[in-house]
Amino acid sequence: MLQTTPEHEHVFPLIGAMLTKDEVHGLLERLGIKRPLMYELGFRNINCVGCVKGGMGYWNMIRKHSPDRFNEMAALEREIGATCIKGVYLDELDPERGRIEDEVMGECGILCEIAYANVVE
């Protein structure tokens, strides 16, 4: 991001606090803050629904949770004659292909504990 948009001032509070993604998920859980729905559905990241950067597992999750978006992107692939994933058209993607973790597990380390203490003060 620093390289692609150097004209903007960037702030990275989680990196600055040396917190990992899993620690932040644990912190949110302890604070009672609901995570975005995409995480609750088992996605590892919050991207646009139907992100062209997704792999086979991601697209099979989109097929399951957002079938209209999946079908829209499959039709678009055919229209432009190019695929999102390794030469496999979405409408030919085996529903069993790909690998995606079922959930993001929160875990807290010492830095997470310090951040939690600062939030609840």
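Contacts between residues 24 or more positions apart account for 54% of the protein's contacts with a separation of 6 or more. The model is predicted. Its secondary structure comes to six helices and zero strands, and the order along the sequence is α-α-α-α-α-α. Of the 121 residues, 29% are buried.

**Surface**

- The protein exposes about 8,500 Å², and carbon and sulfur atoms supply 55% of that area.
- M1, L2, F12 and I15 make a nonpolar surface patch of about 440 Å².

**Helix α5**

- Helix α5 runs over residues 67–80 and has 14 residues.
- From the first C-alpha to the last, α5 reaches 20 Å, close to the 20 Å expected at 1.5 Å a residue.
- The buried residues of α5 are F70, M73, A74 and E77.
- Seen down the helix axis, the buried residues of α5 fall within an arc of 105°, so they line one face of the helix.
- The cover over these buried residues includes α4, residues 56–65.
- D68, E79 and I80 are exposed on the other side of α5.
- G81 follows α5 and has a positive phi, near 75°.

**Salt bridges: overview**

- A search of the whole structure finds four salt bridges.
- Side chains of opposite charge can pair when their charged atoms come close.

- E72 forms a salt bridge with R69, and the closest N and O atoms are 3.1 Å apart.
- Both E72 and R69 lie in helix α5, three residues apart, which is about one turn of the helix.
- Both partners are partly exposed: E72 has a relative accessible area of 47%, and R69 is at 26% relative accessibility.

**Salt bridges at R78**

- R78 forms a salt bridge with E92, the closest N and O atoms being 2.9 Å apart.
- R78 lies in helix α5 and E92 in the loop between α5 and α6 (110–120), so the pair ties together parts that are 14 residues apart in sequence.
- E92 is exposed, with a relative accessible area of 53%, whereas R78 is partly exposed, with 39%.
- D91 also belongs here: R78, D91 and E92 are linked in a network of salt bridges.

**Salt bridge between R35 and E40**

- The side chains of R35 and E40 meet in a salt bridge, with an N to O distance of 2.8 Å.
- R35 is at 15% relative accessibility and counts as buried, because buried means under 20% relative accessible area.
- E40, at 45% relative accessibility, counts as partly exposed.

**Points to check in the model**

- Which residues of α5 are buried? They are F70, M73, A74 and E77, and α4 is among the elements that cover them.
- Where does E92 lie, and where does R78 lie? E92 is in the loop between α5 and α6, and R78 is in helix α5.
- Is R35 buried or exposed? R35 counts as buried, while E40, the residue it meets in a salt bridge, counts as partly exposed.

Key: Residues numbered from 1 in each chain as written. Predicted model: local features only at pLDDT ≥ 70, side-chain atom pairs only at ≥ 80, totals over all residues. Heavy atoms only, no water. Helix = DSSP H or I, 4+ residues; strand = E, 2+ residues; numbered from the N terminus. Expected span 1.5 Å × (residues − 1). Buried < 20%, exposed > 50% of the residue type's maximum accessible area, 1.4 Å probe, protein only. Arc of directions from axis to C-beta. Contact = heavy atoms within 4.5 Å. Patch = residues over 30% accessible without salt bridge, like charges linked within 9 Å, V, L, I, M, F, W, Y side chains within 5 Å. Areas by Shrake-Rupley, 256 points an atom, 1.4 Å probe, with all protein chains shown as cover.
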